[in-house]
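Subject: Structure handover

Hello,

Here is the structure I promised to pass on. Please have a look at it first, then read my notes below.

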Amino acid sequence: MKEYIFKFEMKVRDYECDLQGVVNNSNYQHYMEHTRHEYMEALGENFGRLHEKGIDAFVSKVEIKFKHSLRSGDKFLSCMNIRREGIKLIFEQDIYRMSDDMLATSGKVEVVIVENGKLTRGDYFDQIITSLK
């Protein structure tokens, strides 16, 4: 497993699985979203407070590669890194099944920042990225 700035443990719930008994593909995006929110909470911030300050982070693109399926009851580790690419923040997110460290999914989530209704570089997030180095 490579190095990550944030890891969050979760468990697959029955209702997240489809007819084949595996996690429905859309739930992996939910897991990644939840991980980004937990990351912000770990930093002492959250998206609700940011919104009140006039700062909104919007997902502009999501790519997910499905490698191995998770099943009901599987514990997994949702991991992420963050970097800047021009105006976008890029979240590289991987999900590993904990029983055998098998990579289940690998994702790339692009986020843009709108401050007071205007698209910006999101300098607020540069402080976060810089503090991680």
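One caution before the details: this is a predicted model.

**Helix α1**

Start with helix α1. It covers residues 25–42, which is 18 residues. From first C-alpha to last, α1 reaches 27 Å. That is close to the 26 Å expected at 1.5 Å a residue.

Which residues of α1 are buried? They are Asn-27, Tyr-28, Tyr-31, Met-32, Thr-35, Arg-36, Tyr-39 and Met-40. Ser-26 also lies in α1. Ser-26 counts as partly exposed because its relative accessible area is 35%, and buried would need a value under 20%. Just after α1, Gly-44 has a positive phi of about 85°.

**The cores**

Nonpolar side chains tend to be buried together in soluble globular proteins. In this model, the largest nonpolar core has 13 residues. Tyr-39, Met-80, Leu-89, Phe-91, Val-111, Ile-113 and Phe-125 have the most contacts inside it. Which elements give two or more residues to this core? They are α1, β3 (75–85), β4 (88–97) and β5 (102–115). The most comes from β5, with 3 residues.

There is also a second, separate core of 11 residues. Tyr-31, Met-32, Leu-70 and Ala-104 are among its members. Two of these names were on the buried list for α1: Tyr-31 and Met-32. Tyr-39, from that list too, sits in the largest core.

**A buried charge: Asp-56**

Asp-56 deserves a look. It is in strand β2, residues 55–66. Asp-56 is buried, yet it has no salt bridge. How far away is the nearest side chain of opposite charge? That side chain is Lys-53, and it is 12 Å away. A salt bridge needs the nitrogen and oxygen within 4 Å.

Asp-56 does have a polar partner. Its side chain makes a polar contact of 2.6 Å with the side chain of His-51. Set aside the neighbours within four places in sequence, and Asp-56 is in contact with His-51, Val-112, Ile-113 and Val-114. Ile-113 is also one of the residues with the most contacts inside the largest core.

**Salt bridges**

Side chains of opposite charge can pair when their charged atoms come close. The count here comes to 14 salt bridges.

- Lys-61 pairs with Glu-63, with the closest N and O atoms 3.3 Å apart. Lys-61 is partly exposed because its relative accessible area is 41%. Glu-63 is partly exposed as well, at 35%.
- Glu-85 pairs with Arg-83, and here the closest N and O atoms are 2.8 Å apart. Glu-85 counts as partly exposed at 32%. Arg-83 is partly exposed at 29%.
- Lys-108 pairs with Glu-110, at 3.9 Å between the closest N and O atoms. Lys-108 is partly exposed, at 24%. Glu-110 has a relative accessibility of 7%, so it counts as buried.

**Two loop residues with positive phi**

Most residues other than glycine have a negative phi. Asp-101 is not a glycine, but it has a positive phi of about 60°. You will find Asp-101 in the loop between β4 and β5.

Asn-116 is not a glycine either, and its phi is positive at about 50°. Asn-116 is in the loop between β5 and β6 (118–120). Is Asn-116 buried or exposed? It counts as exposed because its relative accessibility is 64%, and the cut-off for exposed is over 50%.

**Near the start of the chain**

Last, find Ile-5. It is in the segment before β1 (6–11). At 34% relative accessibility, Ile-5 counts as partly exposed. Ile-5 and Ser-78 are 73 residues apart along the chain, and their C-alpha atoms are separated by 11 Å.

Best wishes

Notes: Residues are numbered from 1 along each chain as its sequence is written. This is a predicted model: local features need pLDDT of at least 70, side-chain atom pairs count only at pLDDT 80 or more; totals for chains, interfaces and linings use all residues. Side-chain values use heavy atoms; hydrogens and water are left out. Helices (H or I, at least four residues) and strands (E, at least two) are DSSP runs, numbered from the N terminus. Buried means under 20% relative accessible area, exposed over 50%, partly exposed in between (1.4 Å probe, protein chains only). Lys and Arg count as positive and Asp and Glu as negative; His and the chain ends are not counted. A polar contact is a pair of N or O atoms within 3.5 Å; within protein, one must be able to donate a hydrogen and the other to accept it, and residues adjacent in sequence count only if both atoms are side-chain atoms. Contact means heavy atoms within 4.5 Å. The expected span of a helix is 1.5 Å times one less than its number of residues. A nonpolar core is a set of buried Ala, Val, Leu, Ile, Met, Phe, Trp, Tyr and Cys residues joined through side-chain atoms within 4.5 Å.
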